[in-house]
Amino acid sequence: MRALTSTLLVVGLIVLMVANPLFARFDSWDSENGVMIRQGHHVFWEGKAMATDGNDNWLIAWADGHNGTQDVYAQHYDSDGNELWPSGGLRITDGPYPEEMPILAYAGNDEWIIGWQDYRLDIQYQGRMTVYAQKYNSRGQALWTDGGVFIGPDGGNQIEGKSQKPPTIHPTTDGGAICVYESGLNSHDPRYFAQRLSSDGGLLWGDRGVALNDRDGRITATSDGSDGLFYILSQTGRVGVYNLIVNHLSSDGEQTWGEDLSGLPLEDLDIFGHNPKITVDGDGGAFVCWKQSTPQNAQSVYGQHIT
């Protein structure tokens, strides 16, 4: 009887797996080819962002140069794919300098936070990138200071060329967000900072934010679900080896794991760890996984639960 039950269960699962794609609808909006968001050769689609409010409404932002300068645009859609903001997108930025790499977060209460990389302080064309953000209501009205709130870095980023990692943004429960951005002297020595924004655009973690690392590396970050931040740093150790360090910022911007910027090492310091991922466990901790390579180039994937 148990064997029969198990067989029926397996057969049922297979039927569901086969049947679901057959009955799925990929054309639930009017156009069978999807809804056109923007058309033209001036769209910088590699710099785009998308977010949803959890109620079938969604927002998308992109960089666009059809007005002669590279600006950020955004469009708000309902669940049927209808545009809720002006056709062609709402112009978020309109400065004479380039603005690019938009980031999005739904802030609750039908409001959205849009951030972007900005070159308004790059007077001498040295690649001084800064990060700004603006908050909008569902009607597309800006709620923060004109031109956006300056997040950082202080004095502008001096990263060479376009190789810097774009900023990321993570919503908080009070209608604000945490922004993680890069600052450094060159693309081989990046430093990362985090800044928490209040619901009215105030800077909660000081004028310069909170430093996340003290030597070169790469970062992966996610909200902890309680107005703080989990993050993993891939930092250079000895020659040819990257050390994976995980750390946590509380809602006050205090580092709670390890002393200073040390954090907690995820693996043997003689092992090459890379491509880390992190997500919350819903109980104040985090699940992490990463790819690991030995000196003999043997590769494996590891996971860990940190509480």
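User: How many cavities of 30 Å³ or more are there?

Analyst: The count comes to one cavity of 30 Å³ or more. On a 1 Å grid over the protein atoms alone, a cavity is a set of points where a 1.4 Å probe fits but cannot get out, whereas a pocket is an open set with protein on both sides within 12 Å along at least five of seven lines. Please note that this is a predicted model, in which local features need pLDDT of at least 70 and side-chain atom pairs count only at pLDDT 80 or more, while totals for chains, interfaces and linings use all residues. Residues are numbered from 1 along each chain as its sequence is written, and side-chain values use heavy atoms, with hydrogens and water left out.

User: How much space lies in the largest cavity?

Analyst: The largest cavity holds about 30 Å³ of space. Grid points are joined across faces, edges and corners, and the volume is the space filled by probe spheres set on the points.

User: And which residues line it?

Analyst: The lining, meaning residues with an atom within 4 Å of a point, consists of Lys165, Pro166, Pro167, Thr168, Val180, Tyr181, Glu182, Tyr192 and Ile219. They divide into six nonpolar, one polar and two charged residues. Here Ala, Val, Leu, Ile, Met, Phe, Trp, Tyr, Cys and Pro count as nonpolar, Asp, Glu, Lys and Arg as charged, and the others, Gly among them, as polar. The largest share of this lining, three residues, comes from strand β10 (residues 177–184). Strands (E, at least two residues) and helices (H or I, at least four) are DSSP runs, numbered from the N terminus.

User: Tyr192 is on that list. Is tyrosine 192 buried or exposed?

Analyst: Tyrosine 192 counts as buried, at 1% relative accessibility. Buried means under 20% relative accessible area, exposed over 50%, and partly exposed in between (1.4 Å probe, protein chains only). Tyrosine 192 is part of strand β11 (residues 190–197).

User: Now the largest pocket. What is its volume, and what lines it?

Analyst: The volume of the largest pocket is about 240 Å³. Its lining has 17 residues, with Ile92, Thr93, Asp94, Asp146 and Gly147 nearest the centre. By class, this lining divides into six nonpolar, six polar and five charged residues.

User: New topic: how many salt bridges are there?

Analyst: A search of the whole structure finds five. A salt bridge is a side-chain nitrogen of Lys or Arg within 4 Å of a carboxyl oxygen of Asp or Glu. One of them joins aspartate 71 and arginine 91 (2.6 Å, N to O). This pair links distant parts of the chain, 20 residues apart: aspartate 71 is in strand β3 (residues 71–77) and arginine 91 in strand β4 (residues 90–91). Aspartate 71 is buried at 0% relative accessibility, whereas arginine 91 is partly exposed at 35%.

User: What does lysine 135 pair with?

Analyst: Lysine 135 meets glutamate 111 in a salt bridge (3.2 Å, N to O). Lysine 135 belongs to strand β7 (residues 129–137) and glutamate 111 to strand β6, so the pair ties together parts that are 24 residues apart in sequence. Both residues are buried.

User: And arginine 196?

Analyst: Arginine 196 forms a salt bridge with aspartate 174, with the closest N and O atoms 2.9 Å apart. Arginine 196 lies in strand β11 and aspartate 174 in the loop between β9 (168–171) and β10, 22 residues away in the chain. Salt bridges that share partners join Asp174, Arg196 and Asp227 into one network.

User: Which charged side chain is nearest to glutamate 99, which is buried yet has no salt bridge?

Analyst: The nearest side chain of opposite charge is arginine 120, 5.3 Å away. Lys and Arg count as positive and Asp and Glu as negative; His and the chain ends are not counted. The side chain of glutamate 99 does make a polar contact of 3.0 Å with that of threonine 93. A polar contact is a pair of N or O atoms within 3.5 Å; within protein, one must be able to donate a hydrogen and the other to accept it, and residues adjacent in sequence count only if both atoms are side-chain atoms.

User: Last one: what is the phi of methionine 101?

Analyst: Methionine 101 has a positive phi of about 50°, although it is not a glycine. Most residues other than glycine have a negative phi. Methionine 101 lies in strand β5 and is partly exposed at 24% relative accessibility.
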